[in-house]
Amino acid sequence: METVFDTAQLPGPLRVEAWIETTALALVRTDFALVDPDAFGARLNAASLGAMQVTEMSYGPLRSRRTPELIRQSDPEQYQIAYICRGYQGIEQVRRQALLSPGELVLYDSSHPFTASVGAGQGLARSLMLQFPRQLLPLPESKVAGLFAEPLSGTHGVGRLFAQFLTTLADDHATYTRRDAARLGNTALDLATAVLAHQLDGEYARPMSAPGVLFLRITAHIDRQLHAPDLEPATIAAAHGISLRYLHRIFQQNGVSVSAYIKRRRLERCRRDLIDPGLSHLTVHAIGTRWGFPRPADFTRAFRSALGVPPTHYRAQYAPRPCDAPATR
């Protein structure tokens, strides 16, 4: 992983300001209050995984706040899932508070104010974090919001698998090529989805309302038909024997519009295909077309809006090069 910040390389007076700027660039901007600024120590390593990023951090006692003002100034609209490796850490978001122990996971959202803290007397805390664009998570935002600042297990079941995967990424990242990293980013997103879906299964396992069951059926139908050029609200409503108004109401109740859900899922398929070596013979336009973007300008605009770069640039970042071989330690 690339070492982005290490207080050992800086004189004391510069450490706090450098940490604030580094975390703003690598994560999201927050305000900091430090227990002992003169003795503050921290280290941050980051690695790009396509649209995702994994970050390893260690830091001394502090209190970090992401305020409504900071969100209005800049919001990358990202989810962050942290795995607590060492130390006890507090988190507060959406009126929910938790004290996290080593071995636990926690989810939070850059678009909502939060406060994170590490108490004094326990040395440097350490955590691993996966962050990714919120729209890439194929789960209803209204449901996912119920998991913010909730302690999730990183020692059992799928949570343990996700935590071990993050740990391995951090330990062995130097051996991966850029294409390896992009593919591993897909795996990281799938595992994060599995962790959150597992937590939501209890809710889905309870007797659901008819609209809730129908929503799950419709989203599964959409995922199967993403390639179809006529996939649109009217055809979806007709396929399920409901009115167009009722279809929109069901999605509204789950915090997303029908069109936005379709676009999000299509862009995710495009993103994966663009970095798939087995599909390098397909043009960017062909990939956009196969997932419902027949007009290149529309595809470029939608992709850049979601991921920050045009699809051609995104693909070029992960194109194989003659020297693209695993690095050695």
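Me: Leaving aside its neighbours within four places in sequence, with which residues is Arg 265 in contact?
Reply: This is a predicted model, in which local features need pLDDT of at least 70 and side-chain atom pairs count only at pLDDT 80 or more, while totals for chains, interfaces and linings use all residues. Residues are numbered from 1 along each chain as its sequence is written, and side-chain values use heavy atoms, with hydrogens and water left out. Taking contact to mean heavy atoms within 4.5 Å, and setting aside neighbours within four places in sequence, the partners of Arg 265 are Pro 138, Asp 223 and Leu 226.

Me: Is Arg 265 buried or exposed?
Reply: Arg 265 belongs to helix α9, where helices (H or I, at least four residues) and strands (E, at least two) are DSSP runs numbered from the N terminus. Buried means under 20% relative accessible area, exposed means over 50%, and partly exposed lies in between, with a 1.4 Å probe and protein chains only. Since the relative accessible area of Arg 265 is 11%, this residue is buried.

Me: What separates the C-alpha atoms of Arg 265 and Ala 306?
Reply: Along the chain, Arg 265 and Ala 306 are 41 residues apart.

Me: At what angle do helix α6 and helix α9 pack?
Reply: Axes here are lines fitted to C-alpha atoms, for helices over the stretch in contact, and angles run from 0 to 180 degrees between N-to-C directions. Helix α6 covers residues 210-224 and helix α9 covers residues 258-274, and their axes are 10 Å apart. Angles under 35 degrees count as roughly parallel, over 145 as roughly antiparallel, 65 to 115 as roughly perpendicular and the rest as oblique. The pair α6 and α9 is therefore oblique, with a packing angle of about 40°.

Me: Is the crossing of α6 and α9 left-handed or right-handed?
Reply: A crossing is left-handed if the near helix is turned anticlockwise from the far one by less than a right angle, and right-handed if clockwise. By that convention, the crossing of α6 and α9 is right-handed.

Me: Which residues of α6 and α9 make the contact?
Reply: For the classes, Ala, Val, Leu, Ile, Met, Phe, Trp, Tyr, Cys and Pro count as nonpolar, Asp, Glu, Lys and Arg as charged, and the others, Gly among them, as polar. On this basis the contact of α6 with α9 has three nonpolar, one polar and three charged residues. From α9 come Tyr 261, Ile 262, Arg 265 and Arg 269, and from α6 come Thr 219, Ile 222 and Asp 223.

Me: At roughly what angle do the axes of α9 and helix α11 cross?
Reply: Helix α11 spans residues 296-307, and its axis comes within 11 Å of the axis of α9. The two helices are roughly perpendicular, which means in this case a crossing angle of roughly 90°.

Me: How many disulfides does the structure hold?
Reply: A disulfide is counted when a pair of cysteine sulfur atoms lies within 2.5 Å. Among the cysteines, Cys 270 is buried at a relative accessible area of 0%, whereas Cys 85 is partly exposed at 22%. The number of disulfides held by the structure is zero.

Me: At what angle do α6 and helix α8 pack?
Reply: Helix α8 comprises residues 244-253, and the axes of α6 and α8 are 10 Å apart. This makes α6 roughly perpendicular to α8, at an angle of about 100°.

Me: What phi does Glu 77 have?
Reply: Glu 77 sits in the loop between α2 (68-73) and β6 (78-86), and is partly exposed, with a relative accessible area of 43%. Although Glu 77 is not a glycine, its phi is positive, at about 55°.

Me: What phi does Val 94 have?
Reply: Val 94 is placed in the loop between β7 (89-93) and β8 (96-100), and at 36% relative accessibility counts as partly exposed. Val 94 is not a glycine either, yet has a positive phi of about 45°.
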